[in-house]
Every structure is written in structure tokens, then in C-alpha cells.
Amino acid sequence: GDVQRRGQETSVRGRLQPVGFDSSTLEFSLLLEAENQRWSRGRAWLGGEELRIRQWLDIPGVPENATLALQAWTNWDEATEGRIDMDLSLAGLNDLDATLDAELLISRAQRTTQVEIISLSKTESQVGGQSNRQKNEPNKSLIKGLAVARRSDQSWALALDEMQIEPVHALISPWFAERSWWPSSASGRLVSIMAGWRMDAGLHRLSGNLVDLEWRLPDRFPSLANLSLTLGLSGDRPVLMPSGQPQVEWASMFKEPIIIKSTSGRALLSSRAVELQGLEIDTGLVRGTTDGWLYFAQRKPFVDLFIDVAKVGPLDPRRFLPQRFIPPKADQWLNRSLTWVESASGHVLLSMQAGLKADQIRRGHIEAEVALAGVDIDYFPQWPAASDISGDARFIGRELTASISSANLGELALSSAELSLADLRQPELDLTLNSGPRDAASVTELLRQIPIEVWQRSLMPMR
């Protein structure tokens, strides 16, 4: 390079190369003006084409053939401080089959530093010798109008016009892909985001929307699609307000996807907890509202929730049986026998660490009270089925008790019944039936339907 001095102006021109490489050259020029024996203003330019990033910086996760094209301009003076305008083009990044083009602005004025991504877009790789740009097709915008500002008093502000999640997720995945919680795919948009934070007061502003969110997680975690969230603030806690018609897939918990017709309510976030306030979910067949807390102080979250179930049915309940909490024998029996629920309502209280399996559940972990009507149970092969059952059931830990006000056993109408199951892990049922006065023919028909093996086991001890 060279240095020239003319009056109060000093210019510097040159080129930079990484040690041991001659394929990447970064050129620069600098002009400084002095006043009263001190630098008072300056201008600079920096540029380079096809710069191999790994030759300049050893950044984990960046491929060896990733390249950068750069053009940057800066102006500075003592009065207004300065700014840097920058155009970047990155190619060969990870699995993103495209070139990223970015327009950036960095400025400082009046004790405030601001970094702004004016635009970030991608140009698809060439197909058949033509890129999207060559075919005059518009580039796909990833980010529009992202600005982050910091004042010297430790106040921060963020503004974002729009961001596409899918390409950003693909861009940063190499640094997080080995984490068990990292989604294999993610998409959606962040729109009109505004946030403000102060060192002495925490978060003081938050607004915007997350639209059409979708993510895919390992089976032990829930994957979602078609979820939208509105951002807000309660005190200094961020608030998420859901909407849309999300679909939930949770293979370790439910056998099939759950499609939600509507959702509302709020989730309030803090550093180690999430509070749910009136979180209502309606699938058309199931409608309920959840209030309570999720605590994250330990390795696994602690769940403290009250779920008010306003409606269940009419449906085949086997679709929604939670697989993790039901012991294998009871789960096998329920999936064969519990064939229909016309309607049900009640509440569920959960107070336990997330991830507990059936053998670990104790009294105090789960308590539920349910009012049932129109329930059908084909409780044992070749036995007369129970139908149109109405009554109340209560679950405490692994225990089940039920009081039945009416039902049919085969063709015989029952006036009441009491049922108890001491431990769902060993489903031995204690059942008392009361039919009241009934026609002898109905009772005879019911007894005739009971398999002969049962009579043999019952009468053999009397011989």
C-alpha cells in the first residue's frame, strides 16, 4: 500500500491478504482530515470479492469453501460521530443452497450505537446456467428492517419489520444441531417486533407478532404447526397470546396429531417459570382451560396446573389417551374396551415433575374429577358390553373410583353401580352392580351371555 500527505489531509491505500494465501485480497482506502492538530473527520472504503472466510477467520461450522464479497463505506466527524454502510454477499454456507445478500448500517450519534440490517435476502443457486437474479425473479427476503440500538446508559432497543424463520434456522443450525432440543426444521415469520430493555428496570416494551409458526422436534417433545402468537408485556414479563388453528404432534404422548380449532389465553414468561392464564384449547371434540405454572429451576420442569375441562365428546376417547401416564396393562385394557364417550366434563389437577411415568406417579401428583354420560365399555371379550353409562369418576394418583347412576349391561338396565380400582398398574376391578326390580327374562338373558368358563371358575370351589 501507500501513504500520502497533502496539507491537512492524509490518505492511505492498500490491500490485505491472509498469511499463506494469495487468493483472497481485501482492498482499502482511507482519507483523514486534521484541524487544530487533531483528526476531525474521515472517510474510508473497504472491498473484496470471493474472500474465503476460513482463510481469514477460524469460525467453527463455516465450510471451507464459504466465500464473502464485501463493500463498505464509512464517514466520520467529531461533531456527528459516524456511520458505516456495508453490502455483503455470502455463498457456500452450510445446507443453504443460496447466496445471502445483506445491506447493513452501523452508526453512532449522541451516545447511541445502532446496528441495522436494512435487508437480508437470498438468491437461489444457479439452475441450468441461470440464477433467479438473471431471470429477473425477485430475491426471497429473509430480514427486512432489523435495528438494534444501545445507549451509554445501558438501555437497549430492538425493531424488526419482518423476518423469515426457515432460512435463518437453516443458517444457524450447524452451531446447535447436536442439542437434543434443537428443531430439525422451523418456519414462520416475525412481524413488526418492538422491544426495549433497561439495565435498572428490565424489559419495558414488547410488541409484535409471530405468524404461522411451525417446528419439528424429537418425538419426546411436542412439534407444532399453524400457531400464531401476539407479543405483549405484563410488568416486566413477556406475554405470549396464541391464536390460529395449530396442529400438535407428540408421538411419545399421543397416538395421532391433535388439530386445534381455536385457542386463546396468555403465557407469561420469566427467567425460570412460565405462568399460564386462561389458556383455552378447543378441538371441537375437547374444550378446556388451563391455569397454573411451569417451573424450570431443575433439570426437568415442574408442572403445577389446574385444567378445567368444559367438554369432551362425542368421540372415541382412545385417540386422546395419554400414553406416558397410563400403565401398560391398563393402557391395553382401555384401548380395547373404552369405545365411546358421548359427553364428559370435569377438572384435572397436576402437581409433579414433567416426564414421570406410570410407576412413579403417587397421590398428590394427579387428581381428577369427571362427570360422564353415554359411555360404552366392552370390558372383556365375549362378555355382555356395558353401554350408555352415566355417573362420576375420580382419579387420585393411580387410584380410580366411580359412582354410576345409570347404565346398561347387555340388555339389562342398571339403576346404580360402584367401581374401584386400587392401582392402575395392577387393574383388579372391584365392581358392585344394582339393577333393582327387573323382568326375569332380562336377567336370564344377561346370565346366558356370561361365558361358561366364568361359571366353572365360580362354582368349582363349592363342589
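1. A residue counts as buried under 20% relative accessible area, as exposed over 50%, and as partly exposed in between. Keep that scale in mind for this predicted model. Arg-54 has a relative accessible area of 26%, so this residue is partly exposed.

2. Now look at the partner of Arg-54. Arg-54 forms a salt bridge with Glu-64. Their closest N and O atoms are 3.7 Å apart. Arg-54 belongs to helix α1 (residues 53-56), while Glu-64 sits in the loop between α1 and β5 (67-77). The pair therefore ties together parts that are 10 residues apart in sequence. Glu-64 has 56% relative accessibility, which makes Glu-64 exposed.

3. How many salt bridges does a search of the whole structure find? The count is 18. A second example joins Arg-198 and Asp-200 through their side chains, at 3.8 Å from N to O. Arg-198 is partly exposed at 33% relative accessibility. Asp-200 is exposed, with a relative accessible area of 70%.

4. Next, a salt bridge between strands. The side chains of Arg-394 and Glu-367 meet at 3.0 Å, N to O. Arg-394 is in strand β22 (residues 386-396), and Glu-367 is in strand β21 (residues 366-377). This pair ties together parts that are 27 residues apart in sequence. Arg-394 counts as partly exposed, at 34% relative accessibility. Glu-367 is also partly exposed, at 27%.

5. Turn to helix α2 (residues 165-172). Which of its residues are buried? They are Ile-165, Pro-167, Val-168, His-169 and Leu-171. These buried residues pack against six strands, listed here with their ranges: β7 (98-109), β8 (112-124), β9 (140-151), β10 (155-164), β11 (185-198) and β12 (202-216).

6. Strand β5 has pairing partners to trace. Strand β4 (residues 38-52) runs antiparallel to β5, and 10 bridges join the two. Gly-47 has Gln-71 of β5 as its bridge partner.

7. β5 also pairs with strand β6 (residues 81-91). The sense is antiparallel, over 11 bridges. Thr-74 is bridged to Ile-84 in β6. How many residues lie between β5 and β6 in their hairpin? There are three.

Technical notes
Residues are numbered from 1 along each chain as its sequence is written. This is a predicted model: local features need pLDDT of at least 70, side-chain atom pairs count only at pLDDT 80 or more; totals for chains, interfaces and linings use all residues. Side-chain values use heavy atoms; hydrogens and water are left out. A salt bridge is a side-chain nitrogen of Lys or Arg within 4 Å of a carboxyl oxygen of Asp or Glu. Helices (H or I, at least four residues) and strands (E, at least two) are DSSP runs, numbered from the N terminus. Buried means under 20% relative accessible area, exposed over 50%, partly exposed in between (1.4 Å probe, protein chains only). Contact means heavy atoms within 4.5 Å. Two strands pair if DSSP finds at least two bridges between them.
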